[in-house]
Amino acid sequence: MSQLKQMSHIDSAPSTPGKFKMDKASYFNRVRWHTSLAKLAVWSFVFLAAILIFFFRSPASSPIQADPSRRSLRTYNWGGPVWEKRVRSSARVRSRNGFAVLVTGAAGFVGTHVSAALKRRGDGVLGIDNFNDYYDPSLKRARQALLERTGVYIVEGDINDETLLRKLFEVVPFTHVMHLAAQAGVRYAMENPGSYVHSNIAGFVNLLEVCKSVNPQPAIVWASSSSVYGLNTKVPFSERDRTDQPASLYAATKKAGEEIAHTYNHIYGLSLTGLRFFTVYGPWGRPDMAYFFFTRDILKGKAISIFEAANHGTVARDFTYIDDIVRGCLGALDTAEKSTGSGGKKRGPAQLRVFNLGNTSPVPVSELVSILERLLKVNAKRNIMRLPRNGDVQFTHANISYAQRELGYKPTTDLQSGLKKFVRWYLNYYSGGKKAVE
Ligand SMILES: O=C(O)[C@H]1O[C@H](OP(=O)(O)OP(=O)(O)OC[C@H]2O[C@@H](n3ccc(=O)[nH]c3=O)[C@H](O)[C@@H]2O)[C@H](O)[C@@H](O)[C@H]1O
């Protein structure tokens with residue numbers, strides 16, 4: 001430093017001492033040079049700051065603004081001996097003839113309940129979830145914490161990540177996959193169509209690609225939807241009915257999933273069972289569903305929109321309680337036959353099934369609201385609205401005789417009892433149980 005100073009001093013010293021004359025040109029050049037250096041530094045700083053702000057700004061808080069392409073760019077940490085040990089331990093089977101199940105979407109509503117139920121009965125369970133921000137991720141984290149207490153580990157990753165999926169199968173030879181990861185919600189499909197293609201089609205195909213090539217191939221049970229019945233008017237909906245008039249892109253991607261399942265069953269001998277869920281509700285549910293945000297808004301004194309069809313026609317749903325759905329999922333896993341392929345090749349015909357899992361007793365949405373009013377002891381501010389054309393259908397009603405016969409499926413919870421359990425959970429989760437339930 002001092003050497004540098006000296007050198008610069010020597011450089012500017014006049015050759016004839018005492019006759020020092022300022023060289024104006026060199027002085028201004030130097031000043032200009034210093035100024036541009038300062039400018040360059042300032043601009044570099046601004047540029048760097050802009051880049052940092054762009055990459056590290058917080059994610060969109062509203063699910064409506066969530067961008068699936070940003071989601072898919074996320075990188076997750078996985079791998080290493082400690083991680084593998086955790087994966088193995090979570091998937092370790094603890095009962096005789098138990099399964100080793102990979103549950104996708106394990107931090108989701110149905111995923112959490114199914115994972116807990118499998119673990120309880122001694123099956124090995126490993127979850128995978130990308131924890132996206134379609135709805136409040138803190139609820140997913142709370143479900144994750146719940147599962148962790150029961151010994152279920154959730155790997156943070158996307159079902160579109162082939163390397164990760166292959167690694168999981170390398171560490172654990174899963175006997176079954178319970179595929180519940182999906183982009184749900186019928187109305188959101190108009191706002192973010194890409195997220196449905198990303199999860200429900202590309203993600204499903206990626207999962208099946210991996211499943212078909214591993215040895216042994218697992219049996220797969222996956223979530224389809226009542227929405228595949230679309231604009232059908234014949235009720236109750238039977239698995240034999242047409243499903244070629246979906247009313248939303250969500251429904252179309254679930255219908256596509258059923259066709260994709262057929263293909264992988266046909267070509268590769270994968271055992272595949274699709275479950276058409278009918279408006280599942282209950283504790284730890286999804287905040288984007290009507291029963292959930294009606295509860296929140298009624299408590300806040302905020303008006304809710306209740307849809308009705310033309311000429312004051314009733315809009316109704318075959319609301320199905322989560323515990324009944326879980327029993328249906330376990331029944332499907334228990335009756336799933338082994339896949340028949342190996343080495344990526346089919347070795348014989350394999351099982352291919354689709355079941356309705358509903359409640360068989362549709363309830364008008366206005367009645368759902370009346371039940372909530374009674375449980376919450378608050379009158380709703382009702383705003384009756386014409387059913388918008390954004391993916392909703394007027395009614396759903398499941399014929400469940402096939403699931404009854406094959407899976408022993410028998411729903412036991414009516415809407416009043418199920419909502420009571422939901423409201424109790426809701427009040428406890430969000431306000432520490434201060435408000436009473438009838
Ligand atoms: O069975 C399925 O396969 C699907 O079920 C669920 O869809 P839906 O049955 O449409 O549930 P949900 O949105 O709770 O609306 C319930 C009722 O409230 C009415 N509804 C809704 C919103 C509103 O503001 N007002 C209103 O009246 C609305 O018209 C409807 O009649 C899942 O979200 C979906 O992911 C999928 O799994």
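A residue is taken to be near a molecule if one of its heavy atoms lies within 4 Å of it. By this criterion, 24 residues surround the ligand, the closest being Arg187, Ser225, Ser226, Ala290 and Ser305. The model is predicted, with local features requiring pLDDT of at least 70 and side-chain atom pairs counting only at pLDDT 80 or more, whereas totals for chains, interfaces and linings use all residues. Residues are numbered from 1 along each chain as its sequence is written, and side-chain values use heavy atoms, with hydrogens and water left out.

A polar side-chain atom of Ser225 lies 2.4 Å from a ligand oxygen atom, and a side-chain N or O atom of Arg317 is 2.8 Å from an oxygen atom of the ligand. In the case of Phe307, a backbone N or O atom is placed 2.9 Å from a ligand oxygen atom.

One joins Asn215 and Pro216, with omega about 0 degrees, and Pro216 is found in the loop between helix 8 (193-213) and strand 5 (219-225), where helices (H or I, at least four residues) and strands (E, at least two) are DSSP runs numbered from the N terminus. The other joins Val235 and Pro236, with omega about -10 degrees, and Pro236 lies in the loop between strand 5 and helix 9 (249-268). His312, in the loop between strand 8 (304-308) and strand 9 (316-317), has a phi near 55 degrees, a positive value in a residue other than glycine.

Note on methods. Polar contact = N/O pair within 3.5 Å; in protein donor to acceptor, adjacent residues only side chain to side chain.
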